[in-house]
Amino acid sequence: RAGMVVTMLAAIGAPQLANATVRDKYKDGQIAYIITYGFNTMPAHGNRVDYQDRWKLIRYLRELQKGK
């Protein structure tokens, strides 16, 4: 499910969180807020992504960032 959300976020113009500037700009809580309520062109996903899954997604993104 996390992979589907990452693909969906990329398709709608969400920030590339692997980019060092963007990665360092957003704290985990800010990313959770963005997933929940949306940001710029990215719509809200709070009603589609379970609360616990949002945090799993953030941990997954952080692990991906370590590889960059």
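What share of the 68 residues in the protein is buried? Buried residues make up 31% of them, where buried means under 20% relative accessible area, exposed means over 50%, and partly exposed lies in between (1.4 Å probe, protein chains only).

1. Basis of the note. This is a predicted model, in which local features need pLDDT of at least 70 and side-chain atom pairs count only at pLDDT 80 or more, while totals for chains, interfaces and linings use all residues. Residues are numbered from 1 along each chain as its sequence is written, and side-chain values use heavy atoms, with hydrogens and water left out.

2. Overall make-up. The secondary structure comes to four helices and zero strands, and read along the sequence the pattern is α-α-α-α; here helices (H or I, at least four residues) and strands (E, at least two) are DSSP runs, numbered from the N terminus. Of the contacts with a separation of 6 or more, 58% are accounted for by residues 24 or more positions apart, contact being defined as heavy atoms within 4.5 Å. The protein exposes about 4,600 Å², of which carbon and sulfur atoms supply 56%, with accessible areas coming from the Shrake-Rupley method with a 1.4 Å probe and, for residues, only the protein chains shown counting as cover.

3. H4 covers residues 51-66, which is 16 residues, and reaches 24 Å from its first C-alpha to its last, close to the 22 Å expected at 1.5 Å a residue; the expected span is 1.5 Å times one less than the number of residues. The buried residues of H4 are Arg-54, Leu-57, Ile-58, Leu-61, Arg-62 and Gln-65. They lie on the same side of H4 because they cover an arc of only 140 degrees around the axis, the arc being that of the directions from the helix axis to the C-beta atoms. An α-helix has 3.6 residues a turn, so residues three or four places apart point the same way. On the other side of H4, Arg-59 and Lys-66 are exposed.

4. The start of H4. Asp-50 caps the N-terminal end of H4, with a side-chain oxygen 3.0 Å from the backbone nitrogen of Gln-52. Tyr-51, which has its place in H4, makes a polar contact through its side chain with the side chain of Trp-55 (3.4 Å). A polar contact is a pair of N or O atoms within 3.5 Å; within protein, one must be able to donate a hydrogen and the other to accept it, and residues adjacent in sequence count only if both atoms are side-chain atoms. Tyr-51 and Ala-32 are 19 residues apart in sequence, and their C-alpha atoms are 8.8 Å apart in space.

5. The nonpolar core. The largest nonpolar core has ten residues, namely Val-22, Tyr-26, Ile-31, Ala-32, Ile-34, Ile-35, Met-42, Leu-57, Ile-58 and Leu-61; such a core is a set of buried Ala, Val, Leu, Ile, Met, Phe, Trp, Tyr and Cys residues joined through side-chain atoms within 4.5 Å. Helix H3 (28-37) and H4 each supply at least two residues of this core, and the largest share, four residues, comes from H3. Not counting residues up to four places away in sequence, Ile-58 touches Asp-28, Ile-31, Ala-32 and Ile-35. Leu-61 counts as buried because its relative accessibility is 10%, and its C-alpha is 9.9 Å from that of Asp-28, 33 residues away in sequence.

6. Helix H3. The buried residues of H3 are Ile-31, Ala-32, Ile-34, Ile-35 and Thr-36, and the buried residues of this helix pack against H4. Thr-36 counts as buried at 15% relative accessibility, and a polar atom of its side chain lies 2.8 Å from the backbone oxygen of Ala-32. Leaving aside neighbours within four places in sequence, Thr-36 is in contact with Ala-44, His-45, Gly-46 and Arg-54. Tyr-33, also found in H3, counts as exposed because its relative accessibility is 52%.

7. The stretch after H3. H3 is followed by Gly-38, whose phi is positive, near 85 degrees. Asn-40, in the loop between H3 and H4, has a positive phi of about 50 degrees although it is not a glycine, and Asn-40 is exposed, with a relative accessible area of 69%.
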